[in-house]
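Okay, thanks everyone for coming.

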Amino acid sequence: MISWGHETLLCELDVADDGRVRLARLGAPSEVHLVEPRPPVEVTVSGHGRHWSGNRLVDTSIGERLRYRTHRAVREKDWHELVVELHDEETGLTAELTYRSPDGVPVLRGEVLLRNEGSAALHLESVSSLVADRLTPGPPDTADVLWAENDWLAECRWRREPLRLTSPDLSGRDNVEHDRSKGGFVLAGQGVWSSCGHLPMGGLTDRASGRSWVWQIEHNGGGWRWECGDNRGAAYVALFGPNERAHGWRRRLEPGAEFRTVPAALAFSADGGPDGAFAALTRYRRIARRPHPDHEQLPVIFNDYMNCLMGDPTTAKLLPLADAAAQAGAEYFVIDAGWYAEVDESWWPSVGEWLPSRSRFPGPEGIHEVLAHIRERGMVPGLWLEPEVIGVRSPLAESLPDEAFFRRDGVRVVESDRHHLDLRHPAARAHLDEVVDRVVGEWGVGYLKLDYNIDAGSGTSATPGETPADGLLGHNRALLDWLDDVLDRYPHLVVENCSSGGMRMDHAMLSRTQLQSTSDQQDSVRYAVIAASAPTAVNPEQGAVWSYPLPQDSLDEVAVTMANALLGRIHLSGRILELQPEARALVDEATAVYKTIRSDLSRAVPAWPLGLPGWDDPWVALAMSTPSTTYVTVWRRRGDEDTVTLPLPGLSDVDVEVLYPSGSAASAQWRAGELVVTLPTAPSAVLYRLTTEGADA
């Protein structure tokens with residue numbers, strides 16, 4: 001028996017006399033041993049499929065044959081690590097299973113390194129990153145599976161249904177032979193975007209006990225898959241990167257060659273429901289990302305795009321806008337799309353050089369006049385880039401070699417009048433390094449918004465025999481390496497990850513970039529649902545939420561758009577120059593309030609007192625909690641009912657304070673474990689601070 005873990009997460013692997021390894025216990029130290037668990041690594045190779053056929057990637061022949069060789073356990077600062085080496089004699093394949101877990105955080109991170117120690121090449125078709133069995137202590141009759149729909153303008157829409165709908169109880173009789181399912185709940189990404197269609201996440205919660213699991217596949221492309229189902233009377237989950245069944249992925253593994261899976265993480269809560277598991281995942285993400293000052297400082301950002309200039313910046317428009325942004329409390333000012341295009345140019349198919357427009361910035365200093373003005377107003381300037389694409393009419397489409405672009409069957413990929421760079425090629429990477437060195441190193445830009453607006457399909461085949469999905473995996477890993485290199489060279493640069501809003505919202509990117517665009521949604525009332533749900537996928541200190549007050553908005557609507565961002569990252573925009581004094585005062589008040597609470601957000605964990613929001617819910621609530629303080633934003637979006645009760649069972653004897661807007665007509669009453677809120681009008685929103693009596697606010 002291999003016992004490993006810490007006070008909040010115990011993992012025990014049983015090693016049988018014949019060398020078979022099984023995950024016998026996972027969860028809190030008090031959890032009972034699992035019964036008949038499955039192998040901890042599942043692999044399919046051409047010629048070596050599954051011993052139980054179906055719509056699953058588990059029950060593999062190699063997984064069943066893998067035998068124990070050795071293991072080692074180490075402690076590296078905040079991390080516990082266990083590496084177990086397994087071997088399949090028939091193919092010569094060795095699997096190094098690595099578990100990692102931050103001390104005191106009930107999250108298990110898994111990845112697998114395969115090495116071909118045989119004499120013949122192997123053709124990989126699927127490799128699990130993490131497999132966990134017996135997520136329920138018995139039959140999953142009271143278990144619900146969770147997943148998130150994710151579309152442009154409609155991100156982070158979580159859904160929940162009984163696991164038994166996709167994994168029915170197969171027999172009501174004992175001692176029957178046919179008791180194994182061939183299916184289950186399966187979700188897979190597609191294309192180049194990691195979260196177009198669905199977040200690369202999921203969860204399982206037991207309605208009776210509150211025992212819950214939430215998982216994420218830490219991959220920045222569409223090559224991911226997870227499955228959750230019933231394995232002989234209890235629930236299991238298996239997490240994968242790209243694979244042959246879902247993505248046409250294969251990898252030829254020559255003798256001596258290695259392949260490493262994408263990582264995946266599994267968060268656990270013994271009795272706290274999904275909120276408890278999401279809280280654990282939030283803590284894990286903070287430890288598992290690249291450190292950066294922005295994570296603690298949370299500056300207010302103004303971006304000129306949404307419901308504002310909408311990709312049409314000029315010197316004449318930007319100078320007064322920068323003045324207004326500074327007056328409103330912004331600390332960064334980002335010039336979004338369009339700065340590189342001439343006024344009369346259709347710029348979409350010509351992007352790629354990233355040189356400033358002369359007609360948009362006609363003065364002798366060009367764009368530098370605007371950048372200098374932003375600095376003079378006490379803000380850090382930022383620019384928008386879409387680094388991975390080259391327009392078909394860009395000069396770079398001719399000057400860069402074909403090998404620097406995505407190709408399939410020898411033909412360069414074209415999507416929406418753009419080519420897609422392959423960052424494995426030195427010419428593609430040299431081009432992007434030159435752009436960053438110019439914009440950041442020479443111009444002094446301190447913020448880059450990196451967008452990604454095309455889905456180039458299955459990927460690229462750079463060499464004969466490479467499947468497009470494997471080429472895409474190679475590019476995705478090269479992109480992460482490039483981001484690491486950029487931030488190594490410019491450690492104070494702030495990088496925002498954007499992909500048509502939230503189409504590439506994943507921990508692989510967020511472990512490098514400082515912020516994540518959550519949506520391009522232009523309706524603040526609809527955005528409320530996205531803003532409230534975003535902390536499931538993005539930590540609050542990284543979740544960029546648009547606040548875009550408009551002159552036609554009522555004061556309640558101005559408060560809604562500002563409140564949307566107060567428990568995340570403010571991305572101020574809109575037509576603030578045209579606001580009446582009362583509306584402008586609400587904007588100024590919001591940024592001032594934000595600056596008093598942002599130090600708490602960088603250590604707070606989320607909860608959803610009304611449950612994970614539904615797209616059409618009339619009431620939405622998001623809580624962010626530290627040990628002594630809980631912030632709660634409540635939105636009334638529509639409907640006749642003006643009062644809602646928010647269960648907050650972890651709190652007692654609290655002081656309730658309205659933070660924003662200070663002149664709100666809302667009222668709140670605290671009674672044991674519940675906050676009763678009345679909002680007389682819809683749409684409207686209010687932010688409360690709940691402080692444990694005797695604690696400092």
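Predicted model: local features only at pLDDT ≥ 70, side-chain atom pairs only at ≥ 80, totals over all residues.

Let's begin with Ala-559, which sits in helix α13. Buried or exposed? Its relative accessibility is 3%, and because that falls under 20%, Ala-559 counts as buried. So which residues does it touch, once we leave aside its neighbours within four places in sequence? Those contacts are Leu-586, Tyr-660 and Pro-661. For a bit of scale, take Leu-199, which is 360 residues away from Ala-559 along the chain: the two C-alpha atoms are separated by 29 Å.

The peptide bond going from Tyr-660 to Pro-661 is cis, and its omega is near -15°. Pro-661 itself is in the loop that links β37, residues 654–660, with β38, residues 667–671. There's also a cis bond between Ala-682 and Pro-683, with omega at about 0°. That proline, Pro-683, belongs to the loop between β39 (674–678) and β40 (684–692).

While we're on backbone geometry, here are two aspartates with positive phi. Asp-409 has phi of about 55°, although it isn't a glycine. You'll find Asp-409 in the loop between β25 (407–408) and β26 (411–412). At 79% relative accessibility, Asp-409 counts as exposed. Then Asp-653, also not a glycine, has phi near 50°. Its loop runs between β36 (643–647) and β37, and with a relative accessible area of 51% Asp-653 is exposed.

Now the sheets. What does the strand order β21-β22-β23-β28-β29-β30-β31-β32 form? A closed barrel of 8 strands, paired in parallel. On average, neighbouring strands in this sheet are turned by 30° against each other, if you ignore direction.

Helix α7, residues 367–376, lies across β22 (332–335) and β23 (380–385), and the angle it makes with β23 is about 135°.

Next, a helix pair. Two packed helices are described by the angle between their axes and the distance between the axes. For α9 (426–442) and α10 (468–489), the axes come within 12 Å and cross at roughly 30°. Angles under 35 degrees count as roughly parallel, so α9 and α10 are roughly parallel to each other. Their crossing is right-handed. As for who meets whom, the α9 side brings Arg-429, Leu-432, Asp-433, Val-436 and Asp-437, and these meet Ala-478, Asp-481, Trp-482, Asp-485, Val-486 and Arg-489 of α10.

On to the other sheet, an open one of 5 strands with the order β33-β34-β35-β40-β37 and antiparallel pairing. Which strands are at the edges? They are β33 (605–607) and β37, each of which pairs on one side only. Neighbouring strands here are turned by 25° against each other on average, again ignoring direction. Inside this sheet, β34 and β35 pair in the antiparallel sense over 7 bridges, and Ala-623 stands opposite Val-632 in β35. Helix α12 packs on the sheet, where it touches β34 and β35, and its direction makes about 30° with that of β34.

That brings me to α12 itself, residues 524–533. How many of its 10 residues are buried? The count is 9, so it's mostly covered, given that buried means under 20% relative accessible area. Among the buried ones are Val-525, Tyr-527, Val-529 and Ile-530. What covers them includes β11 (154–162), β31 (543–547) and α13 (555–563), along with β34 (619–625) and β35 (629–636). So what caps the N-terminal end of α12? It's Asp-523: one of its side-chain oxygens lies 2.9 Å from the backbone nitrogen of Val-525.

That's my tour, so over to you for questions.

Definitions and conventions: Residues numbered from 1 in each chain as written. Heavy atoms only, no water. Buried < 20%, exposed > 50% of the residue type's maximum accessible area, 1.4 Å probe, protein only. Helix = DSSP H or I, 4+ residues; strand = E, 2+ residues; numbered from the N terminus. Contact = heavy atoms within 4.5 Å. Polar contact = N/O pair within 3.5 Å; in protein donor to acceptor, adjacent residues only side chain to side chain. Pairing = 2+ DSSP bridges. Axes fitted to C-alpha atoms, helices over the stretch in contact; angles between N-to-C directions. Parallel < 35°, antiparallel > 145°, perpendicular 65-115°, else oblique. Left-handed = near helix turned anticlockwise from the far one by under 90°.
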